[in-house]
Amino acid sequence: MRKNIVAGNWKLNKTLQEGVALAKELKTALTGKNVNCDVIICSPFIHLTAIHEIVEGSEMKVGAQNCADKDSGAYTGEVSAAMVASTGAQYVILGHSERRAYYGETNAILKEKVKRALENHLIPIFCIGEVLEERETGKQNKVVKTQINESLFDLSAEDFGKIVLAYEPVWAIGTGKTATSAQAQEMHAFIRQIVADKYGTKTANDTSILYGGSANAGNAKELFSNPDVDGGLIGGASLKVDTFLPIIEAF
Ligand code: PGA
């Protein structure tokens with residue numbers, strides 16, 4: 001089912017104590033508010049259990065920012081989807097451009113990660129998006145289509161229906177340079193169309209497609225007002241209640 005979602009991606013920020021404090025502060029700020037979207041905190045692995053305990057029973061949900069492409073074994077430093085799920089987390093960001101660029105995650109590796117996540121009943125928030133040069137040379141649609149095709153399109157319609165997509169133009173991430181509302185809508189509509197071509201209109205219409213890349217209190221309302229933008233994946237602005245709450249309230 002298509003949902004409005006605002007997810008915070010904390011990236012490599014917050015000690016355990018700082019993260020716990022932020023989750024508590026956000027929970028308090030949301031108490032009694034009529035929120036029109038699902039709110040997800042995607043924290044570093046070590047915070048997941050503690051934050052899940054804080055938000056349990058509230059509207060908020062917890063997600064990881066990555067998981068291993070393997071189930072178990074001699075893979076030092078990795079964290080499996082089963083381990084993530086055992087903390088109470090329900091979501092996992094996969095395919096973030098920083099993972100692709102700095103940690104060599106390919107479409108083929110991500111395909112495995114998506115499978116591990118789904119096998120363990122985690123909902124992948126699957127990120128796609130082009131770099132600046134690709135946008136400037138008009139290749140953005142082709143790039144995004146290939147990312148989706150190579151990592152997701154061998155899933156059954158039922159499994160694909162569990163996935164949340166996040167369009168994050170790499171040139172807009174952490175740069176203060178947001179895609180215009182029209183650019184976001186155009187790409188989201190394109191993504192929905194390729195999902196419709198593969199899995200049918202119903203699945204496409206049920207898929208939540210989030211926008212990410214310098215979304216903030218000032219631009220969230222306009223971005224979210226687009227018919228194909230179902231929410232946001234928020235980096236920098238998710239690190240403080242003062243900057244995150246207005247984005248949640250933009251719905
Ligand atoms: P940003 O990050 O909001 O800081 O641009 C978004 C993301 O990378 O998910």
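What follows is a working chat about a predicted model and the ligand, cores and single residues in it.

Q: Which residues come nearest to the ligand?
A: The ligand has 13 residues around it, and of these Lys11, His96, Glu168, Gly174 and Ser214 come nearest.

Q: And what is the make-up of that shell by class?
A: The shell around the ligand holds seven polar residues, four nonpolar ones and two charged ones.

Q: Which polar atoms lie where around the ligand's oxygen atoms, say for Glu168?
A: For Glu168, a polar side-chain atom lies 2.7 Å from an oxygen atom of the ligand. Gly236 takes part through its backbone, where an N or O atom lies 2.8 Å from an oxygen atom of the ligand, while for Asn9 an N or O atom in the side chain is 3.5 Å from a ligand oxygen atom.

Q: How much of the ligand does the protein bury?
A: Taken alone, the ligand exposes 280 Å², and the protein buries 95% of that.

Q: Back to Lys11 for a second, where does it sit, and what is its phi?
A: Lys11 is in the loop between strand 1 (5–9) and helix 1 (16–30), and although Lys11 is not a glycine, its phi is positive, at about 55 degrees.

Q: What about phi at Lys14?
A: Lys14 is not a glycine either, and it has a positive phi of about 85 degrees. Lys14 is found in the loop between strand 1 and helix 1, where it counts as partly exposed at 28% relative accessibility.

Q: Changing topic, which residues touch the most other members in the largest nonpolar core?
A: That core has 67 residues, and those touching the most other members are Leu26, Phe126, Leu152, Leu165, Ile191 and Tyr211. Helix 9 (residues 181–199) supplies the largest share of this core, with seven residues.

Q: What does Ile191 touch?
A: Not counting residues up to four places away in sequence, Ile191 touches Ile128, Val144, Ile148, Leu165, Tyr167 and Ile209. There is also a second, separate core of twelve residues, which includes Ile93, Val164, Leu210 and Leu233.

Q: Leu210, then: is it buried or exposed?
A: Leu210 counts as buried because its relative accessibility is 0%, and buried means under 20%. Its place is in strand 7 (residues 209–212), and beyond four places in sequence it touches a list of residues that includes Ile5, Ile125, Val164, His188, Asp230 and Leu233.

Q: How far apart are Leu210 and Lys3?
A: Their C-alpha atoms are separated by 9.9 Å, although the two residues are 207 residues apart along the chain. Lys3 and Val164 are 161 residues apart in sequence, with 9.3 Å between them in space, C-alpha to C-alpha.

Q: What is Lys3 in contact with?
A: Leaving aside neighbours within four places in sequence, Lys3 is in contact with Asp38, Tyr91, Ser208 and Asp230, and with Asp38 there is a polar contact between the two side chains, at 3.2 Å. Lys3 is placed in the segment before strand 1 and counts as partly exposed, at 37% relative accessibility.

Q: Now the loops, where is Asn226, and is it buried or exposed?
A: Asn226 is in the loop between helix 11 (220–224) and strand 8 (231–234), and it is buried, with a relative accessible area of 13%. A polar atom of the Asn226 side chain lies 3.0 Å from the backbone oxygen of Leu223, and, not counting residues up to four places away in sequence, Asn226 touches Ser181 and Gln185.

Q: Where is Asp154 found?
A: Asp154 is in the loop between helix 7 (140–152) and helix 8 (157–160), and it is partly exposed, with a relative accessible area of 42%. Apart from neighbours within four places in sequence, Asp154 is in contact with Lys111, Lys115 and Tyr199.

Q: Last one, what is Ser97 in contact with?
A: Ser97 is in contact with Val170 and Ile173, leaving aside its neighbours within four places in sequence. Ser97 lies in helix 4 (residues 97–102) and counts as buried, at 13% relative accessibility.

Notes. Residues numbered from 1 in each chain as written. Predicted model: local features only at pLDDT ≥ 70, side-chain atom pairs only at ≥ 80, totals over all residues. Heavy atoms only, no water. Near = heavy atom within 4 Å. Polar contact = N/O pair within 3.5 Å; in protein donor to acceptor, adjacent residues only side chain to side chain. Areas by Shrake-Rupley, 256 points an atom, 1.4 Å probe, with all protein chains shown as cover. Nonpolar A, V, L, I, M, F, W, Y, C, P; charged D, E, K, R; others polar. Core = buried A, V, L, I, M, F, W, Y, C linked by side-chain atoms within 4.5 Å. Buried < 20%, exposed > 50% of the residue type's maximum accessible area, 1.4 Å probe, protein only. Helix = DSSP H or I, 4+ residues; strand = E, 2+ residues; numbered from the N terminus. Contact = heavy atoms within 4.5 Å.
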